[in-house]
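This report takes up a single protein chain and considers selected residues in turn. Please read it alongside the sequence and the coordinates.

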Amino acid sequence: RWRYKIVYSFLATIPILVLYSGPTTILIPKPLVGITGFSLLPLGPLYLLWMSMWCIFCTNSINILAGVNGLEVGQALVIAIFILIHNVIEIGRCMTLADFLSAEARFPAHVLSMFFIVPFIAVSAALYHHNRFPARVFVGDSYTYFAGTVLAVTSIAGHFSKTLALLFVPQLLNFVMSIPQLVPHWRPCPRHRVPRRSPATGLFEPSYVVLADEKTKQMNLTLLNACLRVCGPMTEQQLCRRLLEFQALCCTLGLLLRYALERLLFNYFEDHPE
């Protein structure tokens, strides 16, 4: 059950909360500094609570955006590649930054982040080769929770959790769409909400849940079903490719937005200290 997965995800965050020794402050955007009178907001234990909630979201959001071969591994791989791009950009900026103290503080964090993400990319790329359609290897909760944890821990170690949130836009969208079915007694939620394959055409179509009156049916609220509703029936390969292209587009726009707003809202390093 989902409630057990949430509890287990929280328990899994305890080690990183205990070992975390980084900053527990966040930067106030420049336009609000004049109103608040300070540029740093110390959160203390609330920051640790945010870290725990962020880890829980990352693990479960990868897990619920699934249903076709290659999608779980593919989305994690795309996000990881863009994390690596972000790390490389930030390390390059550290090496050319005039403020040595700021560079010295940022450089080790992004190097540590790369130590996590490079092996993960290598492993996920090999797994994706065997997991894409027609799949010879199937992944379940073991990989999705592992992938979400790696991505969350990488962002915490590198102090760029806000940047990672911009890379998780499809997962955020899928989660928001799913809320009516995830909240008990709002809308019926079947055990599996994945698209259905039409026996007549062999194409994937949106799946539906039958209501209590057994006469009315409603579409399961997932990003996969919404994609099929908008774009029409398609093969499993086409559906996976379309969603991974959407993931790559969102990650690209996310990084562009992050650097475009950096100088407007924050200092040169927008999330140091975070």
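## Basis and confidence

This is a predicted model, in which local features need pLDDT of at least 70 and side-chain atom pairs count only at pLDDT 80 or more, while totals for chains, interfaces and linings use all residues. Residues are numbered from 1 along each chain as its sequence is written, and side-chain values use heavy atoms, with hydrogens and water left out.

The mean pLDDT (the predictor's confidence in each residue, from 0 to 100) is 86 for the protein, and 92% of its residues reach 70 or more. Over residues 269–274 pLDDT stays under 50, although the model has 36 contacts beyond four places in sequence for this stretch; contact here means heavy atoms within 4.5 Å. Where pLDDT is low, the predicted coordinates should not be read in detail.

## Salt bridges

The structure holds 4 salt bridges, each defined as a side-chain nitrogen of Lys or Arg within 4 Å of a carboxyl oxygen of Asp or Glu. In one of them the side chains of Glu-90 and Arg-93 meet at 2.9 Å, N to O; because these two residues are 3 apart in helix 4 (residues 71–96), about one helical turn separates them. Helices (H or I, at least four residues) and strands (E, at least two) are DSSP runs, numbered from the N terminus. Glu-90 also meets the side chain of Arg-258 in a salt bridge of 3.9 Å, N to O. Arg-258 belongs to helix 10 (residues 236–265) and Glu-90 to helix 4, so this pair ties together parts that lie 168 residues apart in sequence. Glu-90 counts as buried at 0% relative accessibility, and Arg-258 likewise counts as buried, at 5%; the terms follow relative accessible area, with buried under 20%, exposed over 50% and partly exposed in between (1.4 Å probe, protein chains only).

A further salt bridge joins the side chains of Glu-236 and Arg-197 at 3.3 Å, N to O. Since Glu-236 lies in helix 10 and Arg-197 in strand 3 (residues 196–197), the pair ties together parts 39 residues apart in sequence. Glu-236 is buried, with a relative accessible area of 6%, whereas Arg-197 counts as partly exposed at 43%. Through shared partners, salt bridges join Glu-90, Arg-93 and Arg-258 into one network.

## Two residues of helix 5

Ser-124 lies in helix 5 (residues 100–131) and is buried, with a relative accessible area of 0%. Its side chain is joined to that of Tyr-143 by a polar contact of 2.8 Å, a term for a pair of N or O atoms within 3.5 Å in which, within protein, one must be able to donate a hydrogen and the other to accept it, residues adjacent in sequence counting only if both atoms are side-chain atoms. Apart from neighbours within four places in sequence, Ser-124 is in contact with Val-73, Leu-77 and Tyr-143.

Phe-120 lies in helix 5 and is buried, with a relative accessible area of 3%. With neighbours within four places in sequence left aside, the residues in contact with Phe-120 include Ala-76, Ala-80, Tyr-143 and Phe-146.

## A nonpolar surface patch

Tyr-4, Val-7, Tyr-8, Phe-10, Leu-11, Ile-14, Val-18 and Leu-19 form a nonpolar patch on the surface, with about 840 Å² of accessible area together. Patches are made of residues with over 30% relative accessible area and no salt bridge, nonpolar side chains (Val, Leu, Ile, Met, Phe, Trp, Tyr) being joined within 5 Å and like charges within 9 Å; accessible areas come from the Shrake-Rupley method with a 1.4 Å probe, and for residues only the protein chains shown count as cover. Tyr-4 lies in helix 1 (residues 2–19) and is partly exposed, with a relative accessible area of 43%.
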